[in-house]
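Read the sequence alongside the structure below.

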Amino acid sequence: MKFKRILATVAALGASAVVLSGCALPYQSQVIKDTAITVAWNDIASEFNSASASGNNVSNSIVTYIANSGFNYYDETPALQKSEDFGTYEKVSDEPLTVKYTVNDNVKWSDGVDVDSADLLLSWVVGYGYFKNDDGTYLFQHAAPRDDLASKLPTLNGGTIQYEYDKAFVDWELNYGLGVSAHGTVMMAYPEITDPAEAKKKFIDAVTAGDTKWLQKVADVWNTGYQVTDATAADTDPAEGSKKYVFLSNGPYRVEEVVADDHVTLVANPLYAWGPSPKYERITIREIGDPTAAVQAVDNGDVQAASGQPTADLLALVKGLKNGSYAGGDEAAFEHVDLTFDNGGPFDPATYGGDEAKALAVRQAFLLSIPRDQILDNIIKPLNPDAQLRNALTVVPGSPNYDTVVAGNGSDFFGGTDAERVAKAKDLLASAGVKTPVTVKFWYPEGNVRRGQEFELIQANALQSGFNVVDTSEPDWLFTDPSVFPINPHDAVIFAWSSTSLAISGNDQMYGMDKDGNAKPSNFQHYKNQDVVDNLAALETETDPAKQAELQTTIEKSLFDDAASLPIFQFPGLTWWDNGVEGITPAPLSPNYFWNFWEWSPAAAAQ
Amino acid sequence: MLSFISRRLAATLAVLFVASFFVYMLTANSGDPLQDLRLNKDPQSVAKMATLTEKLDLNTPPIFRYFKWLGGAASCVIGRCDLGISVSRGDEPVANALANAMESTLSLVVLATILSILLGVAIGMTTALRQYSGYDYTVTFAAFIFYSLPIFWVAVLLKEFGAIRFNEFLGNPVIPWWVALGVGALLAFLVSSVVGGRLVSRLRTAGITLVLVTAILVLADITQWFAKPSIGIIGVALLAAGIGALMLFITSSVKRRPIVLSVAVTIGAVIALWFPLQFLWFYLNTPITILIVAVALAAVGALAGFLLGGDDRRDAIRTAALAGAISTLPLVLDQMFMRWGEYIQLIPLRSGAISTIGATTPTLTNHPDTWLRMLDSATHIILPTAALMIISIAGYTRYTRASLLEVLNQDYVRTARAKGLPEATVIMRHAFRNALIPIATIVAFDFGAVIGGAIITERVFAWQGMGALFGWGLYHVDVNLVMGVFLVTGIAAVIFNILADLAYSALDPRIRVTDS
């Protein structure tokens, strides 16, 4: 134990010396021998290709995140950070949008083979849906192939890939990353190929020649060959394991053992030298679905860290941990109220004989009557004392453009205190000449305790300004299914939009309409504003960050001016850990608290 | 017999068909599998929704999808099961997921069921025999409390006190004198109530128990036994002797000298074999060793019974063989506890050994030492089993008590007593067997209930079995997965019902399952 502490001190000293001297010493591993940490997640990885349609879920992504390096990752802000020790990327030109990704020379897969352009090409082919079957389906079943974005084969050179977009694309930085190995995938498909270099060459040749017949087997492996629910340490051995190609990794750890629905163990990758060194020799992720069980597991020492959606009960339990700490923070989902525009209700201009101004006044008055402060103070702050009101619909708080957008999006119309807002709402209703009380059919998911409480607060507060809010809750979210309700029968609904990235595009699904003027699939409120549609389309192809912020502000201004929707708060999160561990920091975006796993280390006190 | 079973199987298939239809419809209509994606702002979600719709065939009405599923499931009969894929589990074939889950659930449920039958019936019997005593009232009171407890709450409490607090105690095992005395007094009350008799003899029993238990606890405290628990040859000897006595009591042969003698010789042989067996356990480090030793010890018992049984040879062979076989248990426990110190070093717990989640410690899943793995399994299975048992036992206790009391009031029991049979023989041979008939039915019902209870228990203890799969499937509206779980648990419950019917006919000569 004492020896470990000395080791850790030496390692820390070494690291700080490197930082102080400012020059790049050769990489020094800080992995402390025989240290292990067990952490909990609500599901266990079962596929080690997290880009495929079947493997694209958070639990798989966590494992591939820990086992691999990437060009970039989200930190706890959340902001996108680049990993330049692994590789670099840049925009080569704007017209047409051309980008270049380079993997550094020293980067290797865990079997010692270089990470190079063949691997980058495989990721490109799958992500842009380059190959299709005769029936129009994708050869490589990627979770979200974007063949609308790029269709010209990239140019390769050593560890570099350069390719052109067919149109400018705002989220180009988030749209490409390195996935599974090319040589491993090819050699699983064609076991007779034993030389990795040959595998890479054959793959590149097949892609260049468009040889889909040869690629079919490779695609089969890529689609389903990475689904493994059980593997022993012997199976995953990078030199001679029977499943070694499935578990090839290019990051700080490699998968050592998988037991279905129970745990995944990762062990430090001895070859890794292209990024911050992890401290633990082993990380084990266990499956615990029940948050209460996860608190007790940390209390007992079964696991050292876990996270979950907080409730008052859960928070009380976590606070009671004798040897544990916890942190709140935001999650990526945000609560908001949407108003329906075309159901013949109080917010539909048709109700007032097409009088847009009158309908607008009623919408504004209703959104003003939502007691945002009360909801935040009574329901959210007890769970997350630092919680703040969210004032933007399309931009995540903490992300680079948030402050700019909030300053100009007109959300200050809904500012002030709850009382001030009620007064303003009354005036609006009176000057519009609407007969009160106005009946509003309000939906929240029945059985959801938190939203039930929010409804009660809203109902009581809106009564003061002249709204009779009627409970039309049901548990099945039927209004989200257009086959059941082509038009949302509720006048107002409260729910949350979730997101897993900082993507700027995609908001057209919520607020846009298609060419025929029909609302897009997630535009349940049937909000239709041609300016918003045009600006969203313009934003999609805008690659200049300053202009992006401008467009986002304009779009949000329209949304707030039309009183379409009102954001309330960011979902609170809760992460708790054993005091024997240092460095655990919650983060709102996937992979959540795993984002800085390399900083996790045994606490000095626990050694 | 054959026609009875085939008729039952046909009825079973019909029941399963109708039930599966309802379950399928209910699950398919229980929610929208695309809901998470509909509420996601990510640009990718549109493409994902399209993929999922196609995979789940959502554009086909559920009623047609059911028959497609049925077609796949029905091919199980010809050995080509197609239960579909589970979309929420990354397209894993359902059959695959079930195979993994079945094992862990069955080990949990079967263990809990067997133990609760044994304990519940034993407690029920003793309460019936001591009807209207303080003990009877105490057990009745406790049974009603446990029977009405919600299992999720029991499970959470068990973890708090059975694992977290108990582990803290194991880390620093100090037993205050008043705890030792209190436990002694409680056990003294229970033992003296069960043993019964006149006041003087009850007081004597209570006194002996009190002194004995308190002394053991004080001794354990002084020797720090809980910090490094072990059984050793003394523990094995005591436990084996206890098993022998219990066997004699159950078979009501306490007063038959030849049988007592053969059991005593068998137990003596077990104790004598403790040392040589150490080598066997060490060099033949596999689970099969347990079977080998059990068979060998049973053979020793049978031999002793054969040689010493005299007039009661048949009974002596049976009783001694049984005592020998069951004595394997303390020997195995001894092996497990020998590895306690090593085990504590290997697990991540802060102190102690009882785990609150899962079926094994991840790092020990593939450990080469069988006995260490068994110790690991034991520390994991003990709490979920206890949670399932507490509630089942309460039921069994009540049913056994009622059933035995009814039988004891029958005329033939009075006749048996009148002809001068010892009370133990009357109860064990004449009354008990008949009292078991209604219990057999309850067991079958209870098995279904325990599987149901396992859904919650598995979630609370992060035990990855059928219950966890069912909950997961229902939450994600993954119809194929739910149907897979339904099929397995449904078939298991139905099979247990058939088994109960067969047990019925074996226990009750009035019931025939033949056609004539």
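Four strands of chain A, in the order β4-β5-β7-β6, form an open sheet with antiparallel pairing. Strands here are DSSP runs of E with at least two residues, helices are runs of H or I with at least four residues, and both are numbered from the N terminus. Two strands count as paired if DSSP finds at least two bridges between them. At the edges of the sheet are β4 (87-94) and β6 (155-157) of chain A, each of which pairs on one side only. From one strand to the next, the twist averages 15 degrees.

This is a predicted model, in which local features need pLDDT of at least 70 and side-chain atom pairs count only at pLDDT 80 or more, while totals for chains, interfaces and linings use all residues. Residues are numbered from 1 along each chain as its sequence is written, and chains are lettered from A and ligands numbered from 1 in the order in which they are written.

Helix α3 (residues 117-127) of chain A lies across β5 (97-103), β6 and β7 of chain A, and runs at about 30 degrees to β7(A). For such angles, axes are lines fitted to C-alpha atoms, for helices over the stretch in contact, and the angles run from 0 to 180 degrees between N-to-C directions.

Another pairing in chain A is that of β13 (residues 330-339) with β17(A), antiparallel over 6 bridges. Here A:V337 has A:L566 of β17(A) as its bridge partner. How many residues of strand β17 (residues 565-572) of chain A are buried? The count is 8 of the 8, so β17(A) is largely enclosed by the rest of the structure. A residue is buried if 20 or more other C-beta atoms, placed from the backbone, lie within 10 Å of its own, exposed if 12 or fewer do, and partly exposed in between.

Chain A as a whole has 17 helices and 20 strands. Its radius of gyration is 26 Å, close to the 25 Å that the globule rule gives for 607 residues, so chain A is as compact as a globular protein of that length. That radius is taken over C-alpha atoms, and the rule is 2.2 Å times the number of residues to the power 0.38. Buried residues make up 51% of the 607 residues in chain A.

Chain B has 20 helices and 2 strands. Of its 516 residues, 39% count as buried. One residue of helix α1 (residues 2-28) of chain B is B:I5, which is partly exposed, with 13 other C-beta atoms within 10 Å. The C-alpha atoms of B:I5 and B:S192 are separated by 47 Å, and the two residues are 187 apart along the chain.

Where the chains meet, 55 residues of chain A are in contact with 41 residues of chain B. Contact means that the C-beta atoms of two residues, placed from the backbone, lie within 7 Å. On the side of chain A that touches chain B, the largest share, 6 residues, comes from α8(A). By class, that side has 16 nonpolar, 28 polar and 11 charged residues. Ala, Val, Leu, Ile, Met, Phe, Trp, Tyr, Cys and Pro count as nonpolar, Asp, Glu, Lys and Arg as charged, and the others, Gly among them, as polar.
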